[in-house]
Amino acid sequence: MTGTAPVPFTADDYKARMDRAARQAADAGLAGLLVAPGPDLVWLTGYAPPAVTERLTLLVLAAGREPVLVVPTLEAPDAEKATGAPALALRDWTDGKDPYALTAALLDAQGRFGVSDNAWALHLLGLQTTLPGTSYVSLTEALPMLRAVKDAAELERLAAAGAAADAAFEEIRNVRFSGRRESEVAADLAALLRRFGHSQVDFTIVASGPNGANPHHEAGDRRIERGDMVVLDFGGLRDGYGSDTSRTVHVGEPTEDERRVHDLVREAQEAGFRAVRPGAACQDVDRAARAVIADAGYGEYFIHRTGHGIGVTTHEPPYMIEGEEQPLVPGMCFSVEPGVYLPGRFGVRIEDIVTVTEDGGRRLNDTERGMVTVD
């Protein structure tokens with residue numbers, strides 16, 4: 001099962017994104033945005049350079065001006081093929097020339113610019129040397145919600161990615177766990193994600209027994225035993241958009257204590273989901289889930305935020321965490337993933353991707369959240 005191909009994004013879609021980003025930059029008091037190769041550039045233009053090199057590639061956006069993509073001459077033919085290319089101007093430079101002088105001519109010499117988080121220091125320092133009057137701030141700091149609100153086409157891709165991850169879980173719960181290494185089950189999960197349409201697998205956490213108390217445990221050589229609780233957390237990209245889901249299974253019948261903790265996390269996850277509605281603050285989702293766990297006496301064992309945004313990357317703003325007062329807006333997508341981690345014993349995490357609707361929230365994952373036993 002790979003599903004039907006999504007409706008392709010058009011040049012008009014990318015133009016609308018670039019226009020919106022430039023307007024938001026101006027509203028934030030910035031002279032413009034400088035976007036290096038990476039998720040932001042793909043989202044804004046549809047262009048991903050064939051390889052990330054030391055040669056400067058930079059999208060320059062400013063309100064009221066035509067978007068300009070500065071590219072090395074040898075990569076210009078690929079840039080011209082990008083879906084968003086008709087909505088921007090290309091400026092190429094050859095080896096031996098100064099790309100910073102070319103870029104500087106496009107910038108306000110005294111301006112403050114938002115810069116994509118993964119821009120190379122080499123290039124930022126080159127621009128600062130050429131234009132010492134400029135200053136810079138990261139996009140996550142300046143425009144954290146730039147990609148946060150998804151349109152209908154993006155939501156469709158996220159829903160398809162979530163359904164593919166769900167299909168992978170339904171398959172993995174039928175494989176044998178006991179006696180096998182964590183790394184073997186993780187390899188099964190990666191293969192299933194690809195079978196169900198993922199082009200990129202970002203992580204396949206398989207954390208058994210005491211390893212489950214480490215939220216970011218990397219699957220290793222530990223052999224899974226009967227009686228183990230096993231945290232499964234996996235995801236990646238399908239048609240350019242992310243999946244990320246967690247379920248905790250048990251090898252054989254659980255103890256009453258294990259079942260009680262699992263039920264507690266499920267209740268907390270439900271509370272976090274029920275807190276999703278337009279106008280609520282991101283921290284309200286965290287507070288709702290955390291209160292359930294804290295009230296049961298396990299607050300010190302919930303050691304991470306309740307959620308993170310998802311889109312063209314599997315982790316991006318907004319974050320469901322105390323202190324984040326950003327209001328929820330229809331079209332936002334993020335995880336709701338409380339957990340309890342008992343050192344030396346086991347861990348439990350349950351995670352769905354949720355999108356904000358006009359009157360609440362909608363889950364993009366819908367596999368069993370109750371206790372699932374495996375062999």
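Let me start with helix α8, where, in this predicted model, the buried residues are Glu182, Val185, Ala186, Leu189, Ala190, Leu192 and Leu193. These residues cover an arc of only 160° around the axis, which puts them on the same side of α8. As a general point, an α-helix has 3.6 residues a turn, so residues three or four places apart point the same way. As for what covers the buried residues of α8, the list includes α7 (152-172), β7 (200-208) and β8 (229-238).

The length of the helix can be checked too: at 1.5 Å a residue, the 14 residues of α8, residues 182-195, should span 20 Å, and the end C-alpha atoms are 20 Å apart, which agrees. After α8 comes glycine 197, with a positive phi near 105°.

Turning to charged pairs, a search of the whole structure finds 24 salt bridges, and one of them joins aspartate 188 to arginine 180, with the closest N and O atoms 2.9 Å apart. Aspartate 188 has a relative accessible area of 25%, so it counts as partly exposed.

Which residue forms a salt bridge with arginine 287? The partner is glutamate 322, with 2.8 Å between the closest N and O atoms, and this pair links distant parts of the chain, since arginine 287 sits in helix α10 (residues 282-295) while glutamate 322 sits in the loop between β12 (316-320) and β13 (333-336), 35 residues apart.

By contrast, aspartate 19 and lysine 15, which also form a salt bridge, both lie in helix α1 (residues 11-27), four residues apart, or about one turn of the helix.

Technical notes. Residues are numbered from 1 along each chain as its sequence is written. This is a predicted model: local features need pLDDT of at least 70, side-chain atom pairs count only at pLDDT 80 or more; totals for chains, interfaces and linings use all residues. Side-chain values use heavy atoms; hydrogens and water are left out. Helices (H or I, at least four residues) and strands (E, at least two) are DSSP runs, numbered from the N terminus. The expected span of a helix is 1.5 Å times one less than its number of residues. Buried means under 20% relative accessible area, exposed over 50%, partly exposed in between (1.4 Å probe, protein chains only). The arc is that of the directions from the helix axis to the C-beta atoms. Contact means heavy atoms within 4.5 Å. A salt bridge is a side-chain nitrogen of Lys or Arg within 4 Å of a carboxyl oxygen of Asp or Glu.
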